[in-house]
Amino acid sequence: MSDVAHDAVDFAPPAEVEEMELYHPKTWIGKYVWSQDAKVIAIQYGITAILIGLVALVLSVIMRLQLGFPHTFDFIDPANYLQFVTMHGMIMVIYLLTALFLGGFGNYLIPLMVGARDMVFPYVNMISYWVYLAAVLVLVASIFVPGGSTGAGWTLYPPQAISAGTPGIDGGIILMLISLALFIIGFTMGGLNYIVTVLQARTRGMSLMRLPLTVWGIFMATVLALLAFPALFVSAIMMLLDRLLGTSFFMPAMISLGEQTSYDGGSPLLFQHLFWFFGHPEVYIVALPAFGIVSDLLSTHARKAIFGYRMMVWAIVAIGALSFVVWAHHMYVSGMNPYFGFFFATTTLIIAVPTAIKVYNWVLTLWRGNIRLNVPMLFAIGFIFTFINGGLTGLFLGNVTIDLPLSDTYFVVAHFHMVMAVSPILVVFGAIYHWYPKITGRMLNDTLGKIHFWITFLGTYAIYFPMHYLGFEGLPRRYFSYGDTEFMSASSQDLNAAITIAAIIVAFAQIFFLINLFTSYFRGKLAGPNPWEATTLEWQTADTPPKHGNFGEELPVVYRWAYDYSVPNADLDYIPQNVSPSDLKKPTAAQQGEIEN
Amino acid sequence: MTYTLIFLAILMAAVVWWLVKQTINVKPWAADSAADAVRTDGVHGLGSYVPLPNIKLGLGVFLAVVTSLFALFVSAYTIRMEYADWRPLIEPNLLWVNTGILVLSSVFLQWAWNAAKRQDRAAVKRGIIGSGICTVAFIIGQLAAWNQLSAAGHFIQSNPANGFFYLITATHALHILGGLFALGKTISRLWQHSSEMPEILLGVELCAVYWHYLLAIWLILFALMLNT
């Protein structure tokens, strides 16, 4: 610790960060609708994503109603059950989680946390949101075209995705593919901004190794997304051509409904490779921002420096790089060469190493911390539990021999919901409870927040834990109803009913959250600039909520990392990043000796 | 996926190497230490430090995305080629002419770039217009090649090789058209007397890099299509 330069001279590197010329809108529409301010764009992204996410939540409740109480609800037939499954998955993964983490939190937090006035290309950033909105609208439109939305499952595997008999092959699948292509174009515009802003617009003193882990997580996730989304783009365009122009990229020669189709020589496996080449990094596109955000929440609310900051950064980078060489573990049942499967099982297990490093570091950050069990912290700790749970079942599914019998059962459903649905959503909630005071200037209600947390956290266990057992029994996923299947025990239907009841309770508990968001905006306790006593730059702005341009007259200068909590001999238990060592009381020689020991 | 993986491996190696350079031996927990120097990308003679324009880095990142896109096309094409029922592609000879035209447009832009460095405004104009004409000719040539193919009965749905040919050439042409939009903006700036030379230099430079890059992509794609 002797290297801690508490008495270093007040050195500020030269001002190579140029003051940026901001676009100043004059009208209300220019400020809040066609806005080029990253914070407004972030809120637009956030609201759109949450609204479409609520649609997906309702769809999941309808699916659960059918599974828990088959033959009870007339409005659910097998075709629209499949449509609900598909839309639920697609919306949650792409239009909610990806858009919310990168478009929402990315836009809000990157400029504020790195000390920039705005994103470097504000105009492109604005277009990014509007293209995203168009993608969402096209997606919603697909529900209303004749035949309805596609029912191909979120993986859209050909040939069934565009063959007769699958729901929504008229307009639904076409609009789905167009919507995905639009989403990717919009995201690429946003992604260019996030990368260049992090690399170019950091304020004086904000070295890469002083970035909060939130920024690292979002940054690396953006890198992954920019490189992986083209795979989805390519497969969407090729499938669109197969559907519209009759090409045979993915469609083999086959007999459909007793007739020879005009397709000849396409390869469905090629689609699977392309899709999962995007699909696996997508898991980390959602997980890495969550990792980053949760690190900051834990550190702030445990009043303790994050354990192993450099390892955390390197783990993020390692996970990002490895995530490109594991995709075929989603395809073990496609009949691959055993050596191929062995390779992918190995890489899949290797990726557990950096992930485990992160988990240990989170736990060690909590170790002997001065934990404040407020709502963001509850969600952050809840994330650790859920993520470990979902991660461990991933070790089973990553092995070919165990995956083969479990493939396409409810065990898989339980696994991916735990690891990439519930875990990131818990972080989303934690992050909203954490940053809402900065975004609106008011605190969210604590009691409502705690009710929301406990029902959501315990409820998701009631939903997904029993699914593991259903999976062991061999209950296949995506089935409309199970009838009298021999291998199913009689009690499995009772379990399904119980899961459905839990799902309904959890879905309704989200009302506490929405009410809280809405009422606190008007009647919440005033937050002040830094209610959590946090160190990062977004809490040090002149105004709360920050005005256009983020910081007042001058950009902050950064003197330290984001984790100076409970520094010995400091007046407060946190030192903001923009406080220079010379502004702190110099420790006496005796105290200095204490630090060194 | 080999080609995509090779591209990603190179890219990731570059990212990791850069990160190691930036982060090795840095003590993030130390307030106000030498870590500040890292901010200037290791340049210690701070007086000579010229920051990279945002737009240049933006183009670089965009080109990485485009590379990923084309690498995936190439991967898909080569995966498909290995199947037993692959029927080779018939390339119209016109593609050779088009390739020549595209090379020429790149040369013109390089010429304009050099002229912009010399502050020779008239030469920049000549170069950039020459490049624009060649690029439009390339697009027309590609359309003509499509016409020849379809006149010979090779439609997009005829067989997978044809499908890939139309798809890949169309994607490449769309990227060229996007470039033409940027080129048009630079041209209009060039004719406004109020615009300054450094601004024009940046515009020409970005266009030239993009053109060279799309030429390189085209040469790879063309080689791939000949190799059936």
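Leaving out neighbours within four places in sequence, Val412(A) is in contact with Leu397(A), Leu406(A), Ser407(A), Gly471(A) and Arg477(A). The model is predicted. Val412(A) sits in helix H13 of chain A, which covers residues 410–440.

**Val412(A)**
- Val412(A) counts as buried because 20 C-beta neighbours lie inside 10 Å, and the cut-off for buried is 20 or more.
- Tyr574(A) is 162 residues from Val412(A) along the chain, and the C-alpha atoms of the two are separated by 43 Å.

**Helix H4 of chain A**
- H4(A) runs over residues 122–144, 23 residues in total.
- At 1.5 Å a residue, H4(A) should span 33 Å; the end C-alpha atoms are 34 Å apart, so the two values agree.
- Buried residues in H4(A) include Pro122(A), Asn125(A), Met126(A), Ser128(A) and Tyr129(A).
- Further along H4(A), Tyr132(A), Ala135(A), Val136(A), Leu139(A) and Ser142(A) are buried too.
- The cover over these buried residues includes helix H2 (38–68), helix H3 (78–114) and H5 of chain A.

**Helices H7 and H8 of chain A**
- H7(A) and H8(A) pack at an angle of about 175 degrees, and their axes are 11 Å apart.
- H7(A) is therefore roughly antiparallel to H8(A), since angles over 145 degrees count as such.
- From H7(A), the contact takes in Tyr284(A), Leu288(A), Phe291(A) and Ser295(A).
- From H8(A), Met312(A), Ile316(A), Ile319(A) and Gly320(A) meet them.
- By type, the residues of this contact are six nonpolar, two polar and no charged.

**Nonpolar core**
- The largest nonpolar core holds 246 residues.
- Ala221(A), Val234(A), Val294(A), Ile316(A) and Phe379(A) touch the most other members of that core.
- Ile316(A) also belongs to the H8(A) side of the contact with H7(A).
- Val294(A) touches Trp362(A), Ala380(A), Phe383(A), Val427(A) and Gly430(A), with residues up to four places away in sequence not counted.

**Chain A against chain B**
- In this interface, 55 residues of chain A are in contact with 45 residues of chain B.
- On the chain A side, the elements giving two or more residues are helix H5 (172–200), helix H6 (213–244), helix H7 (268–301) and helix H8 (309–322).
- H6(A) gives the most to that side, with eight residues.
- The chain A side divides into 36 nonpolar, 13 polar and six charged residues.

Key:
Residues numbered from 1 in each chain as written. Chains lettered and ligands numbered in written order. Predicted model: local features only at pLDDT ≥ 70, side-chain atom pairs only at ≥ 80, totals over all residues. Contact = placed C-beta atoms within 7 Å. Helix = DSSP H or I, 4+ residues; strand = E, 2+ residues; numbered from the N terminus. Nonpolar A, V, L, I, M, F, W, Y, C, P; charged D, E, K, R; others polar. Core = buried A, V, L, I, M, F, W, Y, C linked by C-beta atoms within 7 Å. Buried ≥ 20, exposed ≤ 12 C-beta atoms within 10 Å, placed from the backbone. Expected span 1.5 Å × (residues − 1). Axes fitted to C-alpha atoms, helices over the stretch in contact; angles between N-to-C directions. Parallel < 35°, antiparallel > 145°, perpendicular 65-115°, else oblique.
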